[in-house]
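User: I'm new to this one. Could you walk me through it with a few questions and answers?

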Amino acid sequence: MTITIRPAAERDLPAIASFARWTYEKAFGDGFSPEDLAHHLNHRLSDHYFRDAAARDRFFIADVDEQMAGYVQFGPGDGKTKESPHRQIVRLYVHPDRQGQGIGSALMDAALADKSMASADAIYLDVWDRNDG
């Protein structure tokens with residue numbers, strides 16, 4: 001198995017959005033009412049959200065056998081401006097069938113090696129306590 005980490009292009013954003021919705025629902029969907037889950041997926045993980053986020057954040061994709069196996073989204077720690085001295089890992093999602101294979105670590109390493117992250121005063125990461133992955 002070869003893991004390829006690459007910067008996402010604009011053309012990748014719909015696939016990232018779809019992947020995000022699918023993995024989020026698999027991981028956390030049973031903790032929401034159907035209405036709340038639909039609202040979250042349609043607002044916080046929509047194609048529109050990812051297009052807007054790409055103006056501020058960076059995305060790296062992990063490909064395994066030319067298929068998306070995960071992605072990381074990172075950007076300003078205040079969530080607003082690229083000029084913020086703080087940074088955050090916004091999302092790091094790995095396909096459930098690919099967890100435990102080093103993909104998450106490779107994505108995290110790539111994000112932390114990015115020049116915007118290396119020069120940060122602080123880097124933030126929030127993890128939901130229900131996240132087993």
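Here is a short chat about the sheet, the helices and the aromatic rings.

Analyst: Before we start, this is a predicted model, so local features need pLDDT of at least 70, side-chain atom pairs count only at pLDDT 80 or more, and totals for chains, interfaces and linings use all residues. Residues are numbered from 1 along each chain as its sequence is written, and side-chain values use heavy atoms, with hydrogens and water left out.

User: In what order do the 5 strands of the open sheet sit?

Analyst: Strands here are DSSP runs (E, at least two residues; helices are H or I, at least four), numbered from the N terminus. Two of them pair if DSSP finds at least two bridges between them. In this open sheet the pairing is mixed, and the order is β1-β2-β3-β4-β5.

User: Which strands have one side left without a neighbour in the sheet, and why?

Analyst: A strand with a single partner has one side left without a neighbour, and that is the case for the two at the edges. Those two are β1 (3–7) and β5 (122–125).

User: Which residue is the bridge partner of histidine 86 in β5?

Analyst: Strand β4 (residues 86–94) runs parallel to β5, and 4 bridges join them. In β5, histidine 86 is partnered by alanine 122.

User: Are α1 and α2 roughly parallel or antiparallel?

Analyst: Helix α2 covers residues 34–43, and its axis lies 10 Å from that of α1, at an angle of about 155°. Axes are lines fitted to C-alpha atoms, for helices over the stretch in contact (heavy atoms within 4.5 Å), and angles run from 0 to 180 degrees between N-to-C directions. Angles under 35 degrees count as roughly parallel, over 145 as roughly antiparallel, 65 to 115 as roughly perpendicular and the rest as oblique. The two helices are therefore roughly antiparallel.

User: What kind of aromatic pair do phenylalanine 59 and tyrosine 71 form?

Analyst: Rings of Phe, Tyr and Trp (its six-membered ring) pair if their centres lie within 6.5 Å; planes under 30 degrees apart count as stacked, over 60 as edge-to-face and the rest as tilted. These two are 6.4 Å apart centre to centre with 35° between the planes, so by those cut-offs the pair is tilted.

User: Is tyrosine 71 buried or exposed?

Analyst: Buried means under 20% relative accessible area, exposed over 50%, partly exposed in between (1.4 Å probe, protein chains only). At 0% relative accessibility, tyrosine 71 is buried.
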